[in-house]
Amino acid sequence: MTDRSPQPQPEDSSTEHDTAPEPVDVRRLAPDSLVVAAGRPARTAEAPVNPPIWLSSTYHSVGPVDPLRRSYGRSENPSWEPFEEALGELERSSLPALLFSSGMAAVDAALTLLPPGGTLVIPRHSYQGSLVAVHEAESRGQLTVVEVDVADTDAVIAALPGAAMLWLESPTNPMMEIAEIAVLTRAAHAAGALVVADNTFCTPLLQRPLDLGVDVVVHSVTKYLAGHSDVILGAVVTSDAELRARLLRTRTVRGAIAGSFEAWLALRGLRTLAIRLERSEATAALLAARLAEHPAVGRVRYPGLPDDPGHARAAAQMSGFGSILALETAGGAHAAERLTERVRLWSPATSLGGVESLVERRRRHETESLTVPTNLVRLSVGIENAEDLWADLAGALA
Ligand SMILES: *Cc1c(COP(=O)(O)O)cnc(C)c1O
């Protein structure tokens, strides 16, 4: 029981009550605490627990001109900063992330780090939008694209001499191939190439490319980080101050900036990232194991399956296997399409990383890579009850 008898008071108890303890050093927290604690306003009397949303395109310009002061909403917005701090800390960068208007705007900004006409080595199963963007840039004469099988370490290394940038995505989308990030990054640096990793599928909770030597990390914040399929946003993270300054300048000049409300929603979504991932990953592992045994399924691609070709690599560089998997229906493309039409709890929709479970036959998109099987269905596992998800899938497969 609590002792309610008067306690001896320290001599100067007033100062004890007036001064708050030093704020917690969020960098020393575990990632699942960091997502909750990072990017909070300073703990002063009556300060809000959550950052406010700033809705202003410009700021009072009083006193002498100072380039470090806020002046205009395309260059500075305090509504971006809490999320940028939190994501920077989660990726263990020494610098805050930079928020962009979409994942593709972040991809586009990272590509501006390529010198004019430079060669880009990129996985042939990268995010399809990134591939479209680099091939369009190539057709404008801005760069040269070399596509590789990123799971084939020797082939990637052989493509590196003369390259200015290595693009990495692991697992790839939707083939779930695993790249040896640290090995490829060392080889790229030895060849003088900058390394960019799209970490959308993993989030920093499952994989931290900067720790593996990568120079720049890009994210579609739209997916797991925001997590509720209600915003489009992107981000770039680097620990290199010069690269960050160039990326910031690109954002300011080209203007692909985030809205204040979207940035706030992303931070709100980030608060639950750890528990969302914990739940969806456990369900994905269960579904992958059951699907692998199902007679209507030919192959399951999920790095968490012990016999998956990427399993050992994924186990070595990721702290979890994530909640995206792909299955190939035994009955071909028609059966795959029927599966997406028959599910009732799962939604047939593109995108991934939200609280709701989504299914998509990727080859229904004409732009999807022709090396992706026509009967491949990508599953983004959400946070619904695992048995309900299984019953719905099994019913649709029957
Ligand atoms: C969705 C996605 C993107 C693009 O992000 P948007 O927010 O849709 O612009 C880039 N990379 C990957 C891996 C993605 O899944």
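**Ligand site, strands and sheets in a predicted model**

Me: Which side chains have a polar atom at 2.8 Å or 2.6 Å from a ligand oxygen?
Reply: Ser220 and Thr222. A polar side-chain atom of Ser220 is 2.8 Å from an oxygen atom of the ligand, and for an N or O atom in the side chain of Thr222 the distance to a ligand oxygen is 2.6 Å.

Me: How much of the ligand's accessible area does the protein cover?
Reply: On its own the ligand has 380 Å² of accessible area, and the protein covers 93% of that.

Me: Which residues are around the ligand?
Reply: Ser102, Gly103, Met104, Tyr127, Glu169, Asp198, Thr200, Ser220, Thr222, Lys223 and Leu233.

Me: And how does that shell split by class?
Reply: Three of the residues are nonpolar, five are polar and three are charged.

Me: Moving on to β2. How many of its residues are buried?
Reply: Four of the five. Strand β2 takes in residues 119–123 and is mostly covered.

Me: What does β2 pair with, and in which sense?
Reply: β2 pairs in the parallel sense with β3 (residues 144–148), over five bridges. With β4 (residues 165–169) the pairing is also parallel, over two bridges.

Me: Which residues are the bridge partners of Val121?
Reply: In β3 the partner is Val146, and in β4 it is Leu166.

Me: How does the chain get from β2 to β3?
Reply: Through helix α5, residues 128–139. This β-α-β crossover is right-handed.

Me: What is the C-alpha separation between Leu212 and Ile181?
Reply: 6.6 Å, although the two residues are 31 apart along the chain.

Me: Now the sheet with β8 in it. What is the strand order?
Reply: The order is β8-β9-β12-β11-β10. These five strands form an open sheet with mixed pairing.

Me: Which strands stand at the edges?
Reply: β8 (297–301) and β10 (347–348). Each has a single partner strand, so one side of each has no neighbour in the sheet.

Me: What holds strands of a sheet together in pairs?
Reply: Strands of a sheet pair through backbone hydrogen bonds, either parallel or antiparallel.

Me: Then in which sense do β9 and β12 pair, parallel or antiparallel?
Reply: Antiparallel, over five bridges between β9 (residues 324–329) and β12 (residues 376–380). Ala326 has Arg378 as its bridge partner in β12.

Me: And β11, what does it pair with?
Reply: β11 pairs with β10 in the parallel sense over two bridges, and four bridges join β11 to β12, with these two running antiparallel. Ser347 has Leu358 as its bridge partner in β11.

Me: Which way do the residues of β11 point?
Reply: From β11 (residues 358–361), Leu358 and Glu360 point one way, Val359 and Arg361 the other, and all are buried.

Me: What stands opposite Leu358 in β12?
Reply: Ser380.

Me: Is Ser380 buried or exposed, and why?
Reply: Ser380 counts as buried because its relative accessibility is 1%, and the cut-off for buried is under 20%.

Me: Which backbone nitrogen lies 2.9 Å from a polar side-chain atom of Ser380?
Reply: The backbone nitrogen of Gly353.

Terms used:
Residues are numbered from 1 along each chain as its sequence is written. This is a predicted model: local features need pLDDT of at least 70, side-chain atom pairs count only at pLDDT 80 or more; totals for chains, interfaces and linings use all residues. Side-chain values use heavy atoms; hydrogens and water are left out. A residue is near a molecule or strand if one of its heavy atoms lies within 4 Å of it. A polar contact is a pair of N or O atoms within 3.5 Å; within protein, one must be able to donate a hydrogen and the other to accept it, and residues adjacent in sequence count only if both atoms are side-chain atoms. Accessible areas come from the Shrake-Rupley method with a 1.4 Å probe; for residues, only the protein chains shown count as cover. Ala, Val, Leu, Ile, Met, Phe, Trp, Tyr, Cys and Pro count as nonpolar, Asp, Glu, Lys and Arg as charged, and the others, Gly among them, as polar. Buried means under 20% relative accessible area, exposed over 50%, partly exposed in between (1.4 Å probe, protein chains only). Two strands pair if DSSP finds at least two bridges between them. A crossover is right-handed if, with the strands pointing away from the viewer, the path from the first strand over the helix to the second runs clockwise.
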